[in-house]
Amino acid sequence: MVDTQLAGRVEIDSAAVTEDLARAATLRFSEAYSDYLCGGLWKSLMLFATGGEGGDGLITNYDHSRKSGVTAFGEQLPYLRQLVERNFHLENLNFARIAEMTNSVTVPHRDLLELEDIPQEARNAHRMHIPLDTNEGALFTEDNVVYRMALGDVWFFDASKVHGAAALTTRSRTHLILDFTDAADAADVVKFPLEPTGRIPEDRVSKRASLTDGELQALYRLSDVVDLENYRDVFGLVIKKHYRRDGGDDFVWRTLTEIGRRCPDPAVRSKIQEEQRFFLMERATPTPDGGSS
């Protein structure tokens, strides 16, 4: 998988996007990955999928042995379908979906863990993001970098690394997300000239002040109130702080682990450990309350 980086830009017709997204709002979105969220909404709609099936949005529930095709949803969104067909080679395309996120953060996680049983040649290997409707509150994180994607950007997105997304506003952001099988060269999946930056460009990085010791200790004191009913709310507070303050490498999971260690309830400590295993290590056994970018 190609490292996360700006790959190039495509022209976006904002009026046509608005028209298609208004039409999409009448369709049945999937909330298959809602268990990755702390807060509001993340929902998706398949435009292209293996077998041409709209499906339930959960990648593992599609037949990866079948060729990808436009779905009934994609048929109803002509501009977005054209955007895919005009800018990308379809031979290696597995999935193309729009993903809407509102007033929420995702738990830092690694993708592709659940795809190990799918044959290598059919497995998602390259992911690309194109913002269709975005705002200043729409952010991403990888390792300890927080960054923004601008309208019309095309990004390679390394979903195998620990990453997360945030929509720190009640205004929705919508991205087009494309998943491709492996190609001899990543350039083979696009029709436009690639201009890869090789890394996340500095002008897309969100500059954050360092986390103070007082702020860190305040987060640790959440151990006094965290329980099995509100632990995801505590997750959300820690994750949101990461987008505004630089707490160093692995800040979120390091802080959550310490909150669990200080909590007097061993069941909370076990739950945090279980969540960490699910989001970072293996997803063979889903958490009881359920699992993008």
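This is a predicted model: local features need pLDDT of at least 70, side-chain atom pairs count only at pLDDT 80 or more; totals for chains, interfaces and linings use all residues.
Residues are numbered from 1 along each chain as its sequence is written, and side-chain values use heavy atoms, without hydrogens and water. Local features need pLDDT of at least 70, side-chain atom pairs count only at pLDDT 80 or more, and totals for chains, interfaces and linings use all residues.

Q: Why is the contact between E100 and K43 called a salt bridge?
A: A salt bridge is a side-chain nitrogen of Lys or Arg within 4 Å of a carboxyl oxygen of Asp or Glu. The N to O distance for E100 and K43 is 3.9 Å, so the pair qualifies. The structure holds 22 salt bridges.

Q: What makes E100 and K43 a link between separate parts of the sequence?
A: E100 lies in strand β4 (residues 93-106) and K43 in strand β2 (residues 37-50), so the pair ties together parts 57 residues apart in sequence. Strands are DSSP runs of E with at least two residues, and helices are runs of H or I with at least four, numbered from the N terminus.

Q: Why is E136 called exposed?
A: Exposed means over 50% relative accessible area, buried under 20%, and partly exposed in between (1.4 Å probe, protein chains only). E136 has 57%, so E136 counts as exposed. Its salt-bridge partner is R148, at 3.4 Å, N to O.

Q: How do you know whether E215 is buried or exposed?
A: The relative accessible area of E215 is 18%, which is under 20%, so E215 is buried.
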